[in-house]
Amino acid sequence: MNTLTVEHPMIPKPYRVQSLRQETLDTFTVELSSINGTSELPFNPGQFNMLYMVGIGEIPISISGNPDEPRTLVHTTRSVGTVTKAMRKLRRGDVIGVRGPFGTNWPVDLVQGSDVVFVAGGIGLAPLRPAMYRVLSHREKFGKVVLLYGTRSPADILYRKELEHWRARFDLEVYVTVDRALRPWRGNVGVVTNLISKSPFDPMSAVAMVCGPEVMMRFTVLELQKRGLVNSSIYLSMERNMKCGIGLCGHCQFGPEFVCRDGPVFSYDRVKDLLAKWEI
Amino acid sequence: MENLEPILTQHPFLQGLDQKDFDLLVGCAMNVRFDADAMMCREGEEATQFFIIRSGRVTIELHVPGKGIVQIQTLSEGDILGWSWLFAPYRWRFDARATELTRAIALDGRCLRTKCEADRDLGYKLLKRFSEILEQRLEAMRLQLLDLYSTT
Ligand SMILES: Cc1cc2nc3c(=O)[nH]c(=O)nc-3n(C[C@H](O)[C@H](O)[C@H](O)COP(=O)(O)OP(=O)(O)OC[C@H]3O[C@@H](n4cnc5c(N)ncnc54)[C@H](O)[C@@H]3O)c2cc1C
Ligand code: FES
């Protein structure tokens, strides 16, 4: 699925921080631009970069910007540990290393004519956002488009303004739910999988793209199957620890697949036997 | 008065029941409506009904001292609210509040219990359907408890 080849894939290129925006308490979005002359940074929705914080470490982060605006590289990251916490402290003008883009992409171009259902959990909305942009920029080529997004609480809703903007569109169905909420919240409460049974898509024609914690994806697949989707119409983005990002070191091996090279986006029928297994 | 039978016979929750079952159910059913913010049931009160939500939105909530009102689940069109009428001591375990104008069919729990005792076949069919709902809610609750999106 990946049509982009990367020159010198093991050598990080320097990128300058254009802005860093706090999205929620533990999540931020950083915008980067190249400092060695490349003005365009083409990528396909679903691909990731290896981001290198000098002297600290390198991590895979999905690209969450608009593939039709490739001058700026956008990454939304949740601070969980050493590297991501250091990234959170970046300031405008700082420089980090970037390798990529790597990996397979969401099958947006292959599924024209179908209904498209995006199911995102938590930070999983970030890797799906470029696919949303792509679908919306060619809206007339798709059937119904539905986004189901679940997160922890109202304060954890990612890209809130954008979600509100999308909800206002007549050609898109957006449903947001939170796992818990206190009283003033007037939106939906409950797990994202609850939204699937009532979603307005045709299971015979729909293709689902799912991203979130693995347990959430497993239960999402069950609900999609209950609605009648076949395994080959369900796509998931898998996360495994990575080192090289290009299929050399074996760090991300997932059964016979290397997540960095053969994924991170897989159709469910390719990973169904592995998904239920603990750390492979 | 609206004839509730067509609504009951078309509801997925009651699919597969016989005509005689519907004849019994209709005798225990009535149309109800709740304005936005009206309480549909309160924790501790006697659970005399369950509701088939026809339109609107309902939140199941619980007052937690020190935290306030915690919302646990939102229900909407097609959902079933309440199973406390089925199990002794027949008391609501949660509050349920309509968050917008909500229309529902209320089924009288005492009336149904009596009919289910007399007609075990109907009792079994209803219990099977409620068990399915309990299973779905339990699964959802387990996922909520896992706190999947937390960083810690
Ligand atoms: C293909 C791919 C795409 C990814 N895209 C994104 C993205 O767009 N945004 C983003 O925020 N993250 C993304 N991740 C996850 C990200 O790579 C990790 O969160 C990151 O490597 C953690 O590095 P760290 O040094 O900050 O944490 P570490 O110091 O390595 O770990 C600190 C703690 O965080 C836990 N941890 C590590 N990874 C995760 C995780 N993924 N989720 C929850 N806890 C974790 C560890 O178990 C440990 O307890 C992606 C991962 C992959 C494989
Ligand atoms: S990260 Fe090295 S093989 Fe995938």
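Tutor: Let us begin with strand pairing: two strands count as paired if DSSP finds at least two bridges between them. Please bear in mind throughout that this is a predicted model.

Student: Which residue is the bridge partner of A:P14 in strand 6 of chain A?

Tutor: That partner is A:G97. The bridge belongs to a pairing in which strand 1 (residues 13-24) of chain A and strand 6 (residues 95-102) of chain A run antiparallel, joined by 4 bridges.

Student: How many bridges join strand 1 of chain A and strand 2 of chain A?

Tutor: There are 8 bridges, and strand 1 pairs with strand 2 (residues 27-34) of chain A in the antiparallel sense. Within this pairing, A:T29 in strand 2 of chain A stands opposite A:R21. The two strands form a hairpin, with 2 residues between strand 1 and strand 2 of chain A.

Student: What else does chain A contain by way of helices and strands?

Tutor: The count for chain A is 6 helices and 16 strands. Its radius of gyration is 18 Å, close to the 19 Å given by the globule rule for 280 residues, so chain A is as compact as a globular protein of that length. Taken along the principal axes, the C-alpha atoms of chain A fill a box of roughly 50 × 45 × 40 Å.

Student: What do the contacts and the charges of chain A show?

Tutor: Considering contacts in chain A with a separation of 6 or more, 70% are between residues 24 or more positions apart. As for charge, chain A carries 34 positive and 27 negative side chains, and the centres of these two sets lie 5 Å apart.

Student: What percentage of chain B counts as buried?

Tutor: The figure is 45% of the 152 residues in chain B. About 8000 Å² of chain B is accessible surface, with 53% of it belonging to carbon and sulfur atoms. The mean positions of its 19 positive and 23 negative charges are 2 Å apart.

Student: Which strands make up the open sheet of 5 strands?

Tutor: Its order is 10(A)-5(B)-4(B)-7(B)-2(B), and the pairing is antiparallel. An edge strand pairs on one side only, as do strand 10 (181-182) of chain A and strand 2 (39-41) of chain B here.

Student: Where in strand 7 of chain B is the bridge partner of B:C41?

Tutor: That partner is B:A96. Strand 2 of chain B pairs with strand 7 (residues 95-98) of chain B over 2 bridges, in the antiparallel sense.

Conventions:
Residues numbered from 1 in each chain as written. Chains lettered and ligands numbered in written order. Predicted model: local features only at pLDDT ≥ 70, side-chain atom pairs only at ≥ 80, totals over all residues. Heavy atoms only, no water. Rg over C-alpha atoms; globule rule 2.2 N^0.38 Å. Contact = heavy atoms within 4.5 Å. Lys, Arg positive; Asp, Glu negative; His and termini not counted. Charge placed at Lys NZ, Arg CZ, Asp CG, Glu CD. Buried < 20%, exposed > 50% of the residue type's maximum accessible area, 1.4 Å probe, protein only. Areas by Shrake-Rupley, 256 points an atom, 1.4 Å probe, with all protein chains shown as cover.
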